[in-house]
Structure formats: structure tokens, C-alpha cells
Amino acid sequence: MSTFSSPVTVTLTGAGGQIGYALLFRIASGQLLGPDVPVRLQLLEIPAGIAGAEGAALELEDGAFPLLDSVEVTDRAARAFNGTQMALLVGSRPRGPGMERADLLAANGAIFGPQGAAINEHAASDIRVVVVGNPANTNALIAQSHAPDVPRERFTALTRLDHNRALGQLAARLTVPVRDIDGVTIWGNHSASQYPDVSHATAGGTPVRDLVDEEWLTREFIPRVANRGAEIIEVRGSSSVGSAASATIDHVHDWVNGQRSRWTSVALPSDGSYGVPDGLVSSFPAESVDGQWRIVQGLELDEFSKSRIAASVAELATEREQVQGLGLL
Ligand SMILES: NC(=O)c1ccc[n+]([C@@H]2O[C@H](COP(=O)([O-])OP(=O)(O)OC[C@H]3O[C@@H](n4cnc5c(N)ncnc54)[C@H](O)[C@@H]3O)[C@@H](O)[C@H]2O)c1
Ligand SMILES: O=C(O)C[C@H](O)C(=O)O
């Protein structure tokens with residue numbers, strides 16, 4: 001059930017870009033928050049992207065969406081985040097072929113401090129934030145660290161795309177529908193170091209580990225999911241758009257309305273769970289309870305899982321040091 005009284009103010013940054021365009025029409029049609037929740041859209045772009053956002057706003061008008069109360073396009077963060085309750089931070093540069101997401105740290109990191117500060121100053125008290133722009137985990141950390149008055153767990157980063165990719169790979173391998181699969185977790189960073197974990201996953205109620213061999217899991221499944229972003233860039237020539245927008249919709253929809261599965265994967269500031277250092281924005285198994293993400297506790301981890309999680313968390317700690325060195329925290 002939605003936790004909002006309507007209409008809800010939603011801010012989208014990078015609204016003139018690719019993911020922005022894929023998101024806007026799904027937000028306007030009620031897929032983000034629910035089929036009965038009217039939305040006010042506030043679109044933030046840099047001057048170079050304003051025309052794209054304005055064009056999309058014209059098309060939104062032409063869509064005559066019953067749930068869309070208003071659309072405002074601006075290049076001023078104070079205006080875009082004014083009174084916002086849901087902020088989708090997409091605006092930033094995507095990587096190209098041969099780049100790792102961490103290569104974007106300096107270029108994109110600088111965007112998220114000022115946006116975090118603007119959220120702190122102007123957003124509504126129930127603000128929730130999802131960072132999509134890469135490197136998403138550390139950008140979320142930067143934004144969160146500039147918003148001292150906002151409870152830190154309201155800042156999340158998107159690993160739902162990785163989660164969905166894992167579901168897709170398992171469904172294909174087991175020739176079952178995606179809806180039959182449950183209990184998958186993405187741990188750590190939205191990067192090649194992430195750990196897609198099926199230790200607790202089931203397909204139609206049967207443990208996935210009884211249905212696939214270890215060799216396939218370690219040599220094909222894990223690397224395929226972890227490197228899927230690069231695979232998409234190689235095949236289509238630019239980074240994922242439709243699947244990224246879809247995962248963003250899933251993330252916010254489930255945050256507000258509750259997830260359909262036992263849990264899903266969300267990157268959020270660690271409270272020390274599973275040995276992840278406090279404050280690092282790391283992906284965990286999470287369930288939405290009364291509109292708040294809670295890390296699922298008590299899952300048993302074998303030595304392989306522990307070492308894979310530790311490796312990805314070590315990368316997050318290095319990224320934190322790097323952005324500290326750049327003066328972004
Ligand atoms: N977390 C994920 O799963 C995931 C998946 C796919 C893409 N991404 C990331 O999402 C980001 C956007 O991808 P895209 O394909 O839409 O790129 P894009 O280049 O098509 O669009 C980005 C838009 O952001 C705008 N922008 C840049 N700086 C801004 C700022 N300070 N404020 C507001 N807007 C700003 C640009 O003008 C542009 O219109 C990239 O960083 C990409 O790597 C993340
Ligand atoms: O891989 C990228 O650079 C884009 C995105 O993070 C993805 O996972 O597709």
C-alpha cells in the first residue's frame with residue numbers, strides 16, 4: 001500500500017537523457033508509485049540538456065496522463081528539489097566501451113554533493129532518494145554525506161538492475177518464468193566486483209543450488225551478471241537504458257508499496273550488518289516494511305560468499321577513500 005497522501009512530488013535529474021526519457025512515461029502512467037497516485041514532476045537538467053527535457057515535457061502533455069498533475073523543467077537544483085518526496089538521481093555521464101564505472105568517479109562525483117545539499121535544504125521531510133548515475137553506490141554516499149538532516153537510510157543506490165539480471169539468467173537456465181524465482185541477492189558494489197548470490201534462492205520452491213552445478217554458477221552465472229553492463233555496452237554501443245529505467249521503477253515501486261518476493265536487492269548505507277563497514281553504501285538483501293527498506297538479517301553465508309562480499313566491500317572502501325581524496329565527501 002502506498003505511504004503517500006497525493007499528489008506526490010517526484011524529481012528526476014538527467015531528464016533530457018536516455019534513461020530519463022525511458023522513465024518519464026512510466027512515471028506519468030502510474031507505474032512508479034501506483035495506479036492511484038497523482039504525480040507532480042520536477043525535471044532537472046544542465047543547460048546543455050534542457051532542450052531534451054523540454055521536448056519530453058511537451059510529449060508528456062500530449063500523453064494526456066490522468067495521473068500527471070504538472071511538469072516543470074529547470075536547471076536550478078533548489079527549484080527541482082523544492083518539496084520533493086522522491087528523487088531519482090540519474091543525471092550524470094555514462095561510461096563508454098572499455099571504461100569501468102569507477103572511471104567516472106571524478107567526472108560524476110562532483111554532481112552529487114551539491115544535489116545532496118539541495119535535497120537537505122529544499123526537499124520534503126519524507127524525501128526518499130535513489131541514485132542511478134554511476135558509480136551509483138559512491139555517488140549515493142556523496143549525496144547522503146551532504147544531507148545531514150535527512151535520515152541516511154533514505155539514500156539508496158540502484159542494484160535492482162543487477163538483481164533483475166540475475167533473475168533473468170536463472171530463469172533462462174532453468175527454463176522457468178522469472179516469477180518462480182525468489183531469494184536472490186546482489187551484495188556489494190554496482191560494479192564487476194558485485195556478488196550475485198543464489199545460496200538462498202529457490203525456483204518453484206526448490207533450492208537453486210540443487211538445480212544448477214557449481215561450475216556454471218562460478219564460471220558463467222556470476223561473471224555474466226557482474227559484467228552484464230559491459231556486455232550491453234559492447235552489443236548496443238551505449239549503456240543500458242530500458243532495463244535501467246525498468247529497474248528504477250521496480251526499486252521505487254517496491255520501496256513505496258512493498259516487494260512481491262521474500263526480498264530484493266538494494267544498495268543502502270550499511271549499519272554494520274554482515275560485517276560491511278558502517279556508512280558504506282553497499283547492496284544487501286532488503287525488504288520494504290511500511291515504506292522503509294530493512295536489511296534482511298540472519299542469512300547464513302559460506303566462506304565463498306563471505307570472501308566475495310568482502311572483495312566488493314573493499315572496492316567500496318577504496319572508492320570512499322578516492323572521493324575523500326578528491327574533497328567530495
Ligand atoms: N545504476 C544502474 O544500474 C545504471 C544503469 C544504467 C545506467 N546508469 C547510469 O545512469 C547515468 C545516466 O545514463 P543515461 O544513459 O541516461 O545517460 P545520458 O547521457 O543519455 O543522460 C544523462 C543526462 O544527464 C544530464 N546531466 C548531466 N549532469 C547533470 C546534472 N548535474 N544535473 C542534471 N542533469 C545532468 C545530461 O545533460 C544528460 O541529459 C549514467 O551515469 C549511467 O552510467 C546506471
Ligand atoms: O554498465 C554501465 O556502465 C551502465 C549500467 O551501470 C549497467 O549496469 O548497465
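This is a predicted model: local features need pLDDT of at least 70, side-chain atom pairs count only at pLDDT 80 or more; totals for chains, interfaces and linings use all residues.
Where the two parts meet, 34 residues of domain 1 are in contact with 30 residues of domain 2. On the side of domain 1 that touches domain 2, the elements that give two or more residues are helix 1 (18-28), strand 4 (86-89), strand 5 (128-131), helix 5 and strand 6 (155-157). Helix 5 provides the largest share of that side, with six residues. Sorted by class, the residues on this side of domain 1 are 19 nonpolar, eight polar and seven charged.

With the two domains in view, the reader can turn to the ligands. Ligand 1 lies between domain 1 and domain 2, because both domains give residues to the shell around it. There are 31 residues around ligand 1, and those that come nearest are G14, G17, G49, G91 and A244. Helix 1 gives the largest share of this shell, namely three residues, and the shell as a whole divides into 13 nonpolar, 15 polar and three charged residues.

The residues around ligand 2 are P94, R95, R101, N134, L161, G229, I232, S239, S240 and A244. In terms of class, this shell has four nonpolar, four polar and two charged residues.

Next come the strands. Strand 1, residues 8-13, pairs with strand 2 in the parallel sense, and six bridges link the two. As one example of this pairing, V10 has L41 in strand 2 as its bridge partner. Is strand 2, residues 39-44, largely enclosed or left open by the rest of the structure? Five of its six residues are buried, so strand 2 is largely enclosed by the rest of the structure.

Elsewhere, three strands form an open sheet in the order 7-10-11, and their pairing is antiparallel. Strand 7 (181-182) and strand 11 (206-207) stand at the edges with a single partner strand each, so one side of each is left without a neighbour in the sheet. Strand 7 is joined by two bridges to strand 10, residues 202-203, and these two strands run antiparallel. Within this pair, D182 has T202 in strand 10 as its bridge partner.

The last element to follow is helix 10, which covers residues 303-325. Its 23 residues reach 33 Å from the first C-alpha to the last, which is close to the 33 Å expected at 1.5 Å a residue. The buried residues of helix 10 are R308, I309, S312, V313, E315, L316, E319, R320 and V323. An α-helix has 3.6 residues a turn, so residues three or four places apart point the same way. The buried residues of helix 10 pack against helix 4 (105-122), helix 5 (136-145), strand 8 (185-187), strand 9 (195-197) and strand 13 (281-289). Just after helix 10, G327 takes a positive phi of about 75 degrees.

How values were computed: Residues are numbered from 1 along each chain as its sequence is written. Chains are lettered from A and ligands numbered from 1 in the order in which they are written. Helices (H or I, at least four residues) and strands (E, at least two) are DSSP runs, numbered from the N terminus. The expected span of a helix is 1.5 Å times one less than its number of residues. A residue is buried if 20 or more other C-beta atoms lie within 10 Å of its own, exposed if 12 or fewer, and partly exposed in between; C-beta atoms are placed from the backbone. Two residues are in contact if their C-beta atoms, placed from the backbone, lie within 7 Å. A residue is near a molecule or strand if its C-beta atom, placed from the backbone, lies within 6 Å of it. Ala, Val, Leu, Ile, Met, Phe, Trp, Tyr, Cys and Pro count as nonpolar, Asp, Glu, Lys and Arg as charged, and the others, Gly among them, as polar. Two strands pair if DSSP finds at least two bridges between them. Domain bounds come from an automatic or database domain assignment.
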